[in-house]
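Subject: A structure for you to look at

Hi,

Here is the structure I promised to pass on. Have a look at it first, and then read on for what turned up.

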Amino acid sequence: MGNEKQAHTKSAIIYALAYCLERASYYGMRSLLVLLMIGSVFNFSNSKALAIYGWFTIAIYLAKGLGAILGDLLIGNRKTIFIGGVLQALGCFILSTQAIWGLYLGIGLIVLGTGLFSSNTLAQFGKQYINKPRQLDSGFSWLFAAVNFGSFVGVILIGYFGEFSFSYGFLVAGILMIIAAVFVVFTNENQESVSYNFRKMNYGKTFFYISAVILISGVFWAIYEISYFGIFTIQKTVLSSADLIIPQSILTSGLNSYFGIFIITALAIIWTYVYTNSFLKLFIGLILSALSFAILLFFPENPDSSYMFGFLTAVFLLSVGEMFISPILFSITTRFSNPKYLAIMLCVVAIPSMFFFKIAGVLSEHSSELSFNIIFIASAIILLSLSIIALVLWKVFKPENITYLSKEAEEFLS
């Protein structure tokens with residue numbers, strides 16, 4: 001079967017695997033970084049370690065912009081990805097020395113490497129679907145599945161080796177990055193995107209669609225952030241009164257992640273064979289998320305284990321809603337952007353989300369003065385309001401307002 005008929009190309013799969021390994025390395029390394037700084041080797045105070053970590057995360061966002069500019073305008077996306085992977089691996093190897101000079105140099109190289117690798121990998125992955133726009137949602141859903149799986153496994157794997165020695169943990173993180181960088185060598189240049197006629201697009205509609213998705217996704221994540229403490233508190237109360245076989249600490253730390261990995265994988269498979277409007281997916285995701293908060297409104301102030309099923313249902317619905325919404329921002333941006341500047345565009349659309357997160361952080365400081373029910377009611381109302389916007393966009397974007405099956409799915413069902 002030729003590439004034009006394949007839902008996901010070989011290069012798309014390789015980029016997804018490379019990003020999976022990079023996220024495993026990054027999140028695993030990150031789980032050890034603060035522990036290294038406050039441990040017996042450096043003996044930093046908590047405030048100093050957290051301050052360094054805070055600058056580290058801010059620098060990552062800035063480095064992504066630099067990586068996008070280098071990839072799109074100067075040396076090419078694939079070369080930038082490879083260089084970024086090598087730099088990130090080198091940073092992990094230097095951190096394994098546990099020397100004070102290695103701490104700052106290692107962090108600096110990881111910041112630069114992550115910025116070069118991440119933004120350009122997203123762009124190169126998206127370019128695999130330039131001439132197959134109906135598969136964009138499916139493609140980015142698979143990418144999110146890879147990211148979730150990589151993050152989950154990376155924290156466990158690198159954390160396991162880190163228990164023996166921080167050096168072992170950082171060495172494993174570096175090895176994962178070397179493998180990720182080597183993967184990129186086996187991808188194509190994706191010449192199809194060069195011949196893509198971007199001039200046929202309506203710039204007004206492009207700006208409108210991308211702005212709408214930025215607004216919806218940004219507000220959704222702000223709500224997610226503000227309501228997190230309330231959901232976590234209910235979760236802790238419900239689980240503490242239940243007789244569980246699985247240790248409570250495991251469930252408490254990653255219940256959303258467990259649901260998310262399975263949900264996004266299932267949705268990626270579905271979207272591969274069922275084509276439907278991206279804004280319809282946003283609408284469904286927002287409705288399910290609002291329903292999740294509506295369920296939590298029926299919980300008492302201190303719920304016991306009898307509310308376990310209701311709580312799991314609410315968390316599951318919120319996870320489903322999140323996985324309906326998360327890939328769409330990158331999917332829509334890729335669809336309506338000039339492929340030559342895709343890495344830059346993917347960075348630009350992430351900036352408003354950072355702004356919404358900042359607002360959410362400020363509001364969260366004052367949310368403790370409000371009851372959980374008020375937060376949940378406000379969240380449900382806002383999400384329902386956003387769902388109306390998504391519904392309107394679904395109706396306006398006529399080329400894909402009909403859901404249909406792929407030929408493979410039709411043949412299977414027949």
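One cut-off before anything else: a residue counts as buried when its relative accessible area is under 20%, as exposed when over 50%, and as partly exposed in between. Also keep in mind that this is a predicted model.

First, the overall picture. The protein chain has 14 helices and two strands. Of its 414 residues, 51% are buried. Its accessible surface comes to about 19500 Å², and carbon and sulfur atoms hold 70% of that. If you take the contacts with a separation of 6 or more, 83% of them are between residues 24 or more positions apart.

Now the salt bridges. How many does the count come to? The count comes to two salt bridges.

One of them joins R23 and E22, with the closest N and O atoms 2.6 Å apart. R23 has a relative accessible area of 6%, which is under 20%, so R23 is buried. E22 is buried as well, because its relative accessibility is 0%.

The other salt bridge is between the side chains of K281 and D137, at 2.6 Å from N to O. This pair links distant parts of the chain: K281 belongs to helix α9 and D137 to helix α5 (residues 136-164), and 144 residues separate them. Are these two buried or exposed? K281 counts as buried at 2% relative accessibility, and D137 counts as buried at 4%.

While you're at helix α9, check its length. The helix runs over residues 278-296, which is 19 residues, so at 1.5 Å a residue it should span 27 Å. The C-alpha atoms at its ends are 28 Å apart, which agrees. At the start of α9, a side-chain oxygen of N277 comes to within 2.7 Å of the backbone nitrogen of F279.

Next, turn to the surface. A nonpolar patch there is formed by I69, L73, L74, I75, F82, I83, V86, I178, V182, V185, F186 and Y341, and together they have about 1000 Å² of accessible area. Two or more residues of the patch come from each of α2 (46-74), α3 (77-95) and α6 (166-184). Take V86 as an example: V86 sits in helix α3, and its relative accessible area of 35% makes V86 partly exposed. As a reminder for reading the helices, an α-helix has 3.6 residues a turn, so residues three or four places apart point the same way.

I344 lies in helix α11 (residues 342-348) and is partly exposed, at 23% relative accessible area. Which residues does I344 touch, leaving out those up to four places away in sequence? The answer is A68, I69, D72 and L73. I344 and D72 are 272 residues apart along the chain, yet their C-alpha atoms are separated by 7.1 Å. Two of the residues that I344 touches, I69 and L73, are also among those that form the nonpolar patch.

Last, find T187 in the loop between α6 and α7 (203-240). T187 counts as buried, with 9% relative accessibility. Its side chain makes a polar contact with the side chain of Y15, at 3.1 Å. Apart from its neighbours within four places in sequence, T187 is in contact with S11, I14, Y15 and R78.

Cheers

Methods. Residues numbered from 1 in each chain as written. Predicted model: local features only at pLDDT ≥ 70, side-chain atom pairs only at ≥ 80, totals over all residues. Heavy atoms only, no water. Helix = DSSP H or I, 4+ residues; strand = E, 2+ residues; numbered from the N terminus. Expected span 1.5 Å × (residues − 1). Polar contact = N/O pair within 3.5 Å; in protein donor to acceptor, adjacent residues only side chain to side chain. Salt bridge = Lys/Arg side-chain N within 4 Å of Asp/Glu carboxyl O. Buried < 20%, exposed > 50% of the residue type's maximum accessible area, 1.4 Å probe, protein only. Patch = residues over 30% accessible without salt bridge, like charges linked within 9 Å, V, L, I, M, F, W, Y side chains within 5 Å. Areas by Shrake-Rupley, 256 points an atom, 1.4 Å probe, with all protein chains shown as cover. Contact = heavy atoms within 4.5 Å.
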